[in-house]
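Morning, everyone. Have the model up on your screens, please.

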Amino acid sequence: MKAIIMAGGEGTRLRPLTCGRPKPMMPVVNRPMMEHIVALLKKHGIHDIGVTLQYLPEAIRGYFGNGADFGVHMRYYVEEIPLGTAGSVKNAQQFLDETFVVISGDALTDLDLTRALEFHRQKGAIATLVLTPVEIPLEYGVVITDRDGRITQFLEKPGWGEVFSDTVNTGIYILEPEVLNYFEPGRKFDFSKDLFPILLREKQPLFGVSLTGYWCDIGNLQQYVQAHQDCLTGKVAVSIPGTQVAPGIWVGQNSEIHAAATINGPVLIGDNCRIGAGAVIDAYTVVGNGCIVQDQATVKRSVLWNNVFIGAKSAVRGAVVGSRVKINANASVYEGSVVGSQSIIKERALLKPDVKLWPGKVVETGATVESSLVWGTAKPKNLFGMEGVTGLANIDITPEFACRLGAAFGTNLAIGDRVGVSSDRFAASRMIKEALACGLQSAGLQVLDFGEGITPMHRYAVKTGGCQAGIHVRISSQRADKINMVFTNERGGNISRGQERKIENTLAREDVRRVEAHRVLPVVTVPDMADAYVNHLIKNMNVEALKKASPHMVLFYDRGNLDPFVSKAFTSLGITSENIEAESNGEPRDWQWHKELLRELTAAVKRKGKAAGAILDPNGDQLILVDGRGNVVSEEMLTALISLIILKEQAGPVIVPVTAPRAIDELASRYKGMVVRTKTSQQDFIDKIINHHIQSGGAVQHHFMNFDALLTLLKVLEFCAREGITIEDLVEEIPGFFLNKRDVEVPWEAKGRVIRRLIEDPGGRLELLDGVKVYHPEGWALVLPDPEEPVCRIFTEGATMEIAEELTNFYTDKIQQITAT
């Protein structure tokens, strides 16, 4: 039995710790990660090991040599250019003349490889993937198998709506030599993305074995620290160097601990260390070899690499400190900080939480460091949510953060690309817009400032302005004290999840591009964009029909933000209106505050007789419509109404989310149209609309009614004027439907299990477009994990409201039973 350890990784997300050190050589409990993998292979009787190398190969080859010191035989295969996981293993094909194991050199695991090998041989597999269940599978490759273990589907880093299992690919494979014959040498080729799909397509015996045990893909600093804690508490079966001198306290050779020092386990202290009088080494701390902790210094929940000096009365709390770092007397390093190797922190200096120092930095005496010395602080995980990037104004979303974010976005674009920026009218939004522009400029981007406006205007401006990307800053529709940044692509749609991840990774690495001063381009102000956008809407309207009908509206909207759009459009089209006055003192208000005016609006509409009413949200994204009788058109009914207009005008297929009612399908059948359903996220919805427009050359404006409140309002009024009907006439043409929805609390770690169990026992025909949709004889139910909250959302439709509610209750009980087990 042979093995290949893949050890070519740079570990960019672990910088600055991996600057000058390959990721497999990062220490975990004072031994390189890869040494723990070598010990695992040896434990399971595998002594003949090949190692694939790329980044700083000599660091690994110099440490392990021929493997004799570790009781194995090792040989090395260096990639001159990146070849992917399978491509790198292909380099060792002559060595791999029998069944072999492929395993990563930068993960930590104690999974039973012997059991995996037995499974592989029992099934007669050509390839067996070692799988393991994880609580939150979003950042991994999810693998779905049948009851026999045969693999049926792969999902690479799925969204919550695509999480159909909680068993993920560990990157450990048992393979037969012939799998390497499926591709040529020197070609970039991955196991999970390329080879396994081929084997699956050709119906080769491709299996997955799910093993319980410990497995951690150490991909970021938080996981790195957690791995140490797991080792110290025995969650993972690894060999901890040193002698256990007391329960949970390991001490290496030749280390001296003063009798007046305090050591609170679990703790590991390496070889040749000195711990002074009054010093405190607190729980979950690992001290590397050759470290000195002077009198009355304290180290808590931290990882120190080799030869670190901690001066008297200094404090290190929840930090990772690289090799040969000097932290002088009375200095303090706080939670989440990372100090690169060979850095010096002088007396009385202070590193605030989450600060990163790249290797070789010097913090002067008495200095307070509030952000990293290389372009800013670390970002939180999962920066992007359903509305882009959102956070408390000037607390989470600060000018400093926005500048770094702009630079990270710009780094993933080409130098000289055009990026359009805009914001709503509020001062906080404008401030963040300016900071984003600065970050973009620093990365060599050409910034076009479209000024103040609404989200639909921004989408139009980015597309017509020849931009490669855009950012619109607005007050969040969910909370008025939050800022929301919408990132758009060259087509005006939201950027993809892949682009979001690239931005997040760039920000995490703080590896942004900085151009020379002469390449910093000035911001170009684009005037009158609001007028251009309104003119665009008007030119596609039947002005004559509207002026002849002269519809009258009762409205409420944010005058400061929307008046440049609403007043111009209404005046140009002959629409008269009166506005409900609501006191806001010029402060930003969220959508919920606007919706509370609905009762007042419906009463005003009823008083006016045939007038209709509407509430528009401040950024022009959402609309509440009230017909001439004072009846509120629900969100689902508005979707159906938009669909009806598209079908009547033969403007192409109706594109609606998977939650839309079946009444739309009935309308499509009546008008010989087609319904295309999308995922529920705005990102996927808009992308589907734009792709349809590009492929068919159809009228995209109709379909953007779902995302443009003013366009929707004008189009509904125009259609009614042209046809000589009222809004209530349109609503009456829509078949009745009964929808119900509910949020059910589900812990993050249980979401994958819930979705997997629902798929295994659906109780009806399944659809997996977004979440799990199950069709029943008299309705359907959709269970959709929320990407931002610990809940699953249940959407149901029934032939009656009682049936819809019964389905909701049924799936609520089912989810609660699954989470309770």
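Start with a definition: the expected span of a helix is 1.5 Å times one less than its number of residues. Keep that in mind for the helix coming up. One caution before that: this is a predicted model.

Now take helix H23. H23 has 20 residues. From its first C-alpha to its last, H23 reaches 29 Å, close to the 28 Å expected at 1.5 Å a residue.

Which residues of H23 are buried? They are Ile-803, Ala-804, Leu-807, Thr-808, Tyr-811, Thr-812, Lys-814, Ile-815 and Ile-818.

Let's look at H22 against H23. In general, two packed helices are described by the angle between their axes and the distance between the axes. Here, H22 spans residues 748–760 and H23 spans residues 801–820. Their angle is about 125°, and their axes are 9 Å apart. That angle makes H22 oblique to H23. The crossing of H22 past H23 is right-handed.

Who meets whom? From H22 we have Ala-750, Arg-753, Val-754, Arg-757 and Leu-758. From H23 we have Tyr-811, Lys-814, Ile-815, Ile-818 and Thr-819. By class, that contact has 6 nonpolar, 1 polar and 3 charged residues.

Next, another helix pair. Helix H1 covers residues 33–43, and helix H2 covers residues 57–64. Their axes come within 11 Å and cross at roughly 50°. H1 and H2 are therefore oblique to each other. Their crossing is right-handed. In this contact, Met-34, Glu-35 and Val-38 come from H1, while Ile-60, Tyr-63 and Phe-64 come from H2. The class count for H1 with H2 is 5 nonpolar, no polar and 1 charged.

Stay in this area for Phe-70. Where does Phe-70 lie? It sits in the loop between H2 and strand S5 (73–78). Is Phe-70 buried or exposed? Phe-70 is buried, because its relative accessible area is 18% and the cut-off is under 20%. Setting aside neighbours within four places in sequence, Phe-70 is in contact with Glu-35, Val-38, Lys-42, Tyr-63 and Phe-64. Glu-35, Val-38, Tyr-63 and Phe-64 also take part in the contact of H1 with H2. Then there is Ala-39: 31 residues from Phe-70 in sequence, and 7.8 Å from it in space, C-alpha to C-alpha.

Two more side chains. Leu-641 lies in helix H16, residues 635–648. Its relative accessibility is 0%, so Leu-641 counts as buried. What does Leu-641 touch, beyond residues up to four places away in sequence? Val-716, Ile-727, Leu-730, Val-731 and Ile-734. Glu-733 is 92 residues from Leu-641 in sequence, but the C-alpha atoms are 9.1 Å apart.

Last one: Arg-509, in helix H10, residues 497–509. Buried or exposed? At 17% relative accessibility, Arg-509 counts as buried. Leaving out neighbours within four places in sequence, Arg-509 is in contact with Thr-12, Arg-13 and Trp-358.

That's my tour. Over to you for questions.

Key:
Residues are numbered from 1 along each chain as its sequence is written. This is a predicted model: local features need pLDDT of at least 70, side-chain atom pairs count only at pLDDT 80 or more; totals for chains, interfaces and linings use all residues. Side-chain values use heavy atoms; hydrogens and water are left out. Axes are lines fitted to C-alpha atoms, for helices over the stretch in contact, and angles run from 0 to 180 degrees between N-to-C directions. Helices (H or I, at least four residues) and strands (E, at least two) are DSSP runs, numbered from the N terminus. Angles under 35 degrees count as roughly parallel, over 145 as roughly antiparallel, 65 to 115 as roughly perpendicular and the rest as oblique. A crossing is left-handed if the near helix is turned anticlockwise from the far one by less than a right angle, and right-handed if clockwise. Contact means heavy atoms within 4.5 Å. Ala, Val, Leu, Ile, Met, Phe, Trp, Tyr, Cys and Pro count as nonpolar, Asp, Glu, Lys and Arg as charged, and the others, Gly among them, as polar. Buried means under 20% relative accessible area, exposed over 50%, partly exposed in between (1.4 Å probe, protein chains only).
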